[in-house]
Amino acid sequence: MSAPILTKDPVVKDRRPRRPRAGAPHLPGGEFGKNLRRNITAHGFLIGAVLCFAFFSWYPIVREFLLAFQKTEDGRVSWVGWDNFVTVWNDPAFGQAWRNTLWFTVLALILGFVVPFVTALIINEFRHGQGYLRLLVYLPVMLPPTASVLLFKYLYDPGYGMFNEILGVFGVPAQQWLQDPDTAMLSVVVASTWMNMGGATLIYLAALQSVPGELYEAAELDGAGLLRKVWHVTVPQTRLILLLMLLMQIIATMQVFIEPFLLTGGAGPEGSTTTIVYLIYQYAFNFNNYGAAAALGLLLLVLLAGFSAAYTRLNRAEQD
């Protein structure tokens with residue numbers, strides 16, 4: 001049998017290396033070049049994010065560290081060592097600011113940590129309308145913080161505020177919510193809790209919805225009531241989220257500024273709402289002592305970083 005007759009010439013692939021087009025960027029060869037060409041868009045977005053983060057986060061931290069050991073007079077910068085820290089330490093408001101900040105943190109944990117979790121438990125029990133309830137809870141977070149604080153300032157007004165109107169219905173005399181040193185900090189905590197509880201509530205709600213329903217059914221068969229189911233089922237299953245939110249809330253409450261600044265003018269009656277961040281604000285913008293402001297900010301940074309490191313180590317040791 002004769003061989004088949006080819007009607008067309010076989011196509012021979014040109015294996016010669018192609019020259020790059022004019023104006024095309026030259027990328028390195030090898031495996032690294034292939035990965036770079038494949039991920040060049042992702043690298044571009046990543047570089048932009050890193051530059052923004054470095055400029056707006058890392059640079060201020062380095063600048064604050066340098067300012068803490070410097071003093072500026074008539075445009076001349078000089079190194080003063082620990083003098084700024086000594087100035088801050090000897091300030092009579094230093095101890096009061098720390099006490100007020102810690103007191104605010106304790107109150108904020110009692111209200112701002114428990115209330116969102118209980119709210120999430122209640123919303124999770126609804127079979128219908130959860131979307132509307134989530135929107136209602138998260139609505140204060142979407143409002144500008146200044147508008148929310150001014151709303152509470154109106155509610156706290158001793159003359160025509162709604163809170164005193166409610167007390168008057170029950171025959172309770174009007175209260176000086178923001179003018180009384182005994183109630184000023186608690187009033188600030190209530191406003192802060194209402195403003196910021198929406199995000200925490202949604203996180204808790206998502207964690208609750210991931211708990212298997214079989215665990216609750218088993219607890220009911222064992223005769224567990226509502227509180228026992230929450231304590232023995234819900235809390236252990238959402239423990240990691242609860243601990244993470246606890247850490248984040250402590251860090252956030254230690255840096256409180258907007259609420260006391262707008263509600264009580266910052267210091268409050270007899271300095272009852274003076275916080276560390278407000279004292280930093282005073283040093284920087286009222287006293288023009290940027291070195292002392294940076295020193296106090298550095299102390300706060302070290303404290304929060306130490307607390308975060310201790311929390312991470314204890315959590316890791318417990319998991320091991």
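The chain exposes about 21,500 Å², and carbon and sulfur atoms supply 66% of that area; accessible areas come from the Shrake-Rupley method with a 1.4 Å probe, and for residues only the protein chains shown count as cover. This is a predicted model, in which local features need pLDDT of at least 70, side-chain atom pairs count only at pLDDT 80 or more, and totals for chains, interfaces and linings use all residues. Residues are numbered from 1 along each chain as its sequence is written, and side-chain values use heavy atoms, with hydrogens and water left out.

**Whole chain**
- Of the 320 residues, 32% count as buried (under 20% relative accessible area, 1.4 Å probe, protein chains only).
- Among contacts (heavy atoms within 4.5 Å) with a separation of 6 or more, 65% join residues 24 or more positions apart.
- The chain has 15 helices and two strands, which are DSSP runs numbered from the N terminus (helices H or I, at least four residues; strands E, at least two).

**The hairpin**
- Strands β1 (residues 70-73) and β2 (residues 76-79) pair in the antiparallel sense over four bridges; pairing requires that DSSP finds at least two bridges between two strands.
- Threonine 72 has valine 77 in β2 as its bridge partner, and glutamate 73 has arginine 76.
- Two residues lie between the strands of this hairpin, where aspartate 74 takes a positive phi near 55 degrees.

**Annotated regions**
- An unreviewed UniProt entry places "transmembrane region" at six spans, including residues 184-207 and 290-311; positions follow the numbering used here, feature names are shortened, and annotations may be inferred rather than shown by experiment.
- Residues 184-207 are 100% helix and 0% strand, with end C-alpha atoms 34 Å apart.
- Residues 290-311 are also 100% helix and 0% strand, and their end C-alpha atoms lie 31 Å apart.

Notes: Buried means under 20% relative accessible area, exposed over 50%, partly exposed in between (1.4 Å probe, protein chains only).
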